[in-house]
Amino acid sequence: MSAVADTHSQEHHHGPAKGISRWLLTTNHKDIGSMYLMFSFAMFLLGGSMAMVIRAELFQPGLQIVQPEFFNQMTTMHGLIMVFGAVMPAFVGLANWMLPLMIGAPDMALPRMNNWSFWLLPCAFLILVSTLFMQGGAPNFGWTFYAPLSTTYGPPSTTFFIFAVHIMGVSSIMGAINVIATILNMRAPGMTLMKMPLFVWTWLITAFLLIAVMPVLAGVVTMMLMDINFGTSFFDASGGGDPVLFQHVFWFFGHPEVYIMILPAFGAISHIVAAFSRKPLFGYASMVYAVGAIALLSFVVWAHHMFTVGIPLAGQLFFMYATMLIAVPTGVKVFNWVTTMFRGSLSFEAPMLFAVAFIILFTIGGFSGLMLAIAPADFQYHDTYFVVAHFHYVLVPGAIFGIFASAYFWLPKWTGHMYDETLAKTHFWLSFIGMNLAFFPMHFLGLAGMPRRIPDYALQFADFNMVSSIGAFMFGVSQLLFLFIVVKCVRGGEKAAAKPWDGAEGLEWTVPSPAPYHTFSTPPEVK
Amino acid sequence: MAEPQPQHGKRSNGRVIAWCMAGVVGMFAFGFALVPLYDVFCEITGINGKTAGRYEAQVTNQADANRTVTVQFLASNGPGMSWEFRPVTRSIKVHPGEPVTVNFYAENGSDQAMVGQAVPSLSPAEGTLYFHKTECFCFNQQPLEAGESTEMPLVFIVDPELPEHITKLTLSYTLYDQSQKAEVSGAAGAAKTTNNNG
């Protein structure tokens with residue numbers, strides 16, 4: 001009898017293949033999701049160690065550790081790796097793991113393309129990181145790679161950088177197509193669009209943003225490639241081109257890109273806040289419309305990154321007001337999260353701690369964004385540490401804390417074990433304090449006039465920079481604790497129930513923990 | 001194990017992929033379309049200070065003797081350009097509507113033949129649409145033999161429609177070394193024919 005059952009299970013419930021081919025050839029969304037998450041964490045540590053080099057150099061005024069040329073390579077590679085290697089793949093990983101579970105689908109709609117879009121990423125970053133060892137060094141013109149700094153004055157490795165951006169663009173676009181096809185075609189019967197979990201909604205909108213702007217990024221680096229190697233003059237004034245055009249095209253991609261990095265976090269935070277308030281999310285429909293509004297507005301605000309290039313008054317006013325308008329849907333979301341918590345039965349496990357910190361700190365980053373949006377004031381803030389403080393306040397407690405919160409929230413589902421709550425709370429507090437120590441003083445530095453992307457600074461900035469560096473080291477080291485917590489959780493721990501959080505809602509909690517290799521082979525019924 | 005898709009949605013993935021790929025291709029094309037669109041937009045609005053090409057309209061405007069506008073000239077070299085390049089007239093008072101001729105001096109002090117290209121920019125940008133050039137050395141490339149010098153003319157008209165509050169216009173030229181590119185494209189020969197102003 002048992003022998004019969006065994007053959008049956010081998011034939012119909014084949015688990016993962018053995019060895020390396022499981023990972024190379026897998027089309028399973030859970031495997032691919034795990035690979036995305038591991039890859040993004042590796043990139044997070046790599047980009048983070050570059051940030052450590054930056055902060056070590058800035059610990060004291062004067063040049064102590066690295067030369068300015070290498071410092072510039074560090075700021076550039078830190079930005080590129082964090083944006084394209086850490087944050088974006090982490091959210092694609094979460095999407096791979098959670099979207100099929102949340103909508104009751106057996107897998108992503110295009111599993112083979114899924115495999116390909118993951119494996120392109122290590123190739124792209126191998127190329128990008130290899131530029132560090134090339135003659136002339138890695139790209140050193142900032143992650144925004146403004147022309148002509150990146151074309152006429154860029155190092156020879158710029159062409160490799162362009163190729164790497166092309167590959168990661170292809171990967172992102174394929175990932176986005178997969179997400180859209182999955183969400184539109186694979187939902188369980190009865191799950192109408194307005195019944196979709198918010199993480200699904202935010203990822204659907206993010207995928208549309210990716211499809212709209214990643215080709216523009218590909219276009220702008222292609223123009224750079226032609227300017228560098230084929231004698232065209234897209235951005236070369238001597239040949240009739242215009243360097244300002246580069247900034248317009250880049251930021252037409254760049255501004256939606258910052259929402260690509262934050263919208264999935266909005267979705268995940270919405271689940272986590274509701275779960276640990278033990279209340280349904282307040283204002284579901286308004287959340288959906290707010291995300292849609294933010295996405296649409298993100299296409300008409302790009303020039304607020306370039307107030308100082310000399311755009312006319314009417315243009316400055318338009319982009320200033322359009323930018324400020326984004327505060328309205330964002331405010332709707334923040335108030336909805338706060339209202340969800342209001343009179344809820346709150347408990348503060350690690351995911352909730354990260355989620356609450358997300359709401360508070362992201363709002364601070366939003367406010368400094370509003371200050372930057374004021375065109376006349378922006379002339380003072382432009383290219384100072386105030387800008388650095390602003391975007392780290394939206395990206396670290398925004399995107400990164402959102403990813404940590406999601407990781408702790410769904411780790412029991414992924415591994416079948418509870419993570420170590422004490423260690424996780426330690427990780428949270430170290431990250432929280434470290435992050436604020438690192439980035440809050442940067443506001444003051446920027447207002448006092450310290451420019452960004454410099455390896456040395458005037459003496460009066462020394463104290464704040466030292467505080468900032470100490471905070472950065474603290475934040476950096478505490479991420480090793482996160483690695484330890486995750487490894488410990490994978491290897492063992494208290495068994496997790498199918499629904500380890502009593503307030504959590506959604507189809508993903510109806511499957512056992514750890515989620516079996518194949519789930520929802522027959523679709524669930526959604527009422 | 002049976003393919004699960006048929007149970008799950010009747011819509012085809014092929015259509016979604018096709019629509020998405022259309023979006024991707026469209027946006028890639030849009031990125032490149034921004035280049036001419038930007039040029040057209042700037043030409044219409046004049047916002048980037050780039051003055052337009054040769055002014056073709058008939059010069060029938062009477063000079064407005066009651067109004068005087070100061071026009072200043074700047075000349076500078078682009079990176080790697082070794083020529084001496086300066087305006088002969090640094091500043092001139094003109095009446096809107098009258099054609100004015102000024103000269104720029106360029107000397108190739110190097111020991112080899114070179115080709116230069118001047119790129120203009122006008123400030124304030126608001127005045128760009130009202131500054132017309134009927135003749136300008138910037139319309140062509142300037143080839144100079146080693147040690148050769150030249151005076152290059154600019155003929156311009158300030159439009160009488162120039163907004164009242166603008167009393168001063170500054171025209172700046174940046175001269176770029178185009179020797180490499182001129183050799184490649186063979187534009188040096190074409191440029192030579194127009195350099196008959198000595």
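## Two chains and how they meet

In this model, 31 residues of chain B are in contact with 36 residues of chain A. On the chain B side, α1(B) gives the most, with 14 residues. Bear in mind that the model is predicted; the predictor gives the complex an ipTM of 0.87 and a pTM of 0.88.

**Where the chains touch**

- Four elements of chain B each supply at least two residues of the side that touches chain A: α1 (13-45), β5 (114-123), β9 (168-177) and α2 (179-185).

- The pLDDT of chain B averages 80, and 81% of the residues score at least 70.
- One stretch to treat with care is residues 1-9 of chain B, where the pLDDT is below 50. Beyond near neighbours in sequence, residues 1-9 have twelve contacts in the model.
- Another is residues 184-198 of chain B, where pLDDT stays under 50. Here the model has 21 contacts beyond four places in sequence.

**Chain B layout**

- Chain B has three helices and nine strands. Read from the N terminus, the order is α-β-β-β-β-β-β-β-β-β-α-α.
- Of the 198 residues in chain B, 28% are buried.
- Take the contacts in chain B between residues at least 6 apart in sequence: 77% of them join residues at least 24 apart.

**The sheet in chain B**

- As a reminder, strands of a sheet pair through backbone hydrogen bonds, either parallel or antiparallel.
- β1(B), residues 69-77, pairs with β3(B) in the antiparallel sense, over four bridges. If you want a spot to look at, V69(B) has V94(B) in β3(B) as its bridge partner.

**Nonpolar cores**

- The largest nonpolar core has 183 residues, and F354(A) and A405(A) touch the most other members.
- Leaving out residues up to four places away in sequence, A405(A) touches A268(A), I269(A), I272(A), P351(A), F354(A), A355(A) and F358(A).
- Another core, of 27 residues, lies apart from that one; among its members are F73(B), A118(B), F131(B) and V158(B).

**A helix pair in chain A**

- Helix α13 (residues 350-373) and helix α16 (residues 421-447) of chain A have axes that come within 10 Å and cross at roughly 10°.
- Angles under 35 degrees count as roughly parallel, so α13(A) and α16(A) are roughly parallel to each other.
- On the α13(A) side, the residues that meet α16(A) are A350(A), L353(A), F354(A), A357(A) and S368(A). Their counterparts in α16(A) are E421(A), A424(A), K425(A), F428(A), F432(A) and H443(A).

**A closer look at T330(A)**

- T330(A) sits in helix α12 (residues 327-341) of chain A.
- T330(A) has 22 other C-beta atoms within 10 Å, and the cut-off is 20 or more, so T330(A) is buried.
- Not counting residues up to four places away in sequence, T330(A) touches I294(A) and G366(A).
- T330(A) and I177(A) are 153 residues apart along the chain, and their C-alpha atoms are separated by 26 Å.

Notes:
Residues numbered from 1 in each chain as written. Chains lettered and ligands numbered in written order. Predicted model: local features only at pLDDT ≥ 70, side-chain atom pairs only at ≥ 80, totals over all residues. pLDDT = per-residue confidence, 0-100. Contact = placed C-beta atoms within 7 Å. Pairing = 2+ DSSP bridges. Core = buried A, V, L, I, M, F, W, Y, C linked by C-beta atoms within 7 Å. Buried ≥ 20, exposed ≤ 12 C-beta atoms within 10 Å, placed from the backbone. Axes fitted to C-alpha atoms, helices over the stretch in contact; angles between N-to-C directions. Parallel < 35°, antiparallel > 145°, perpendicular 65-115°, else oblique.
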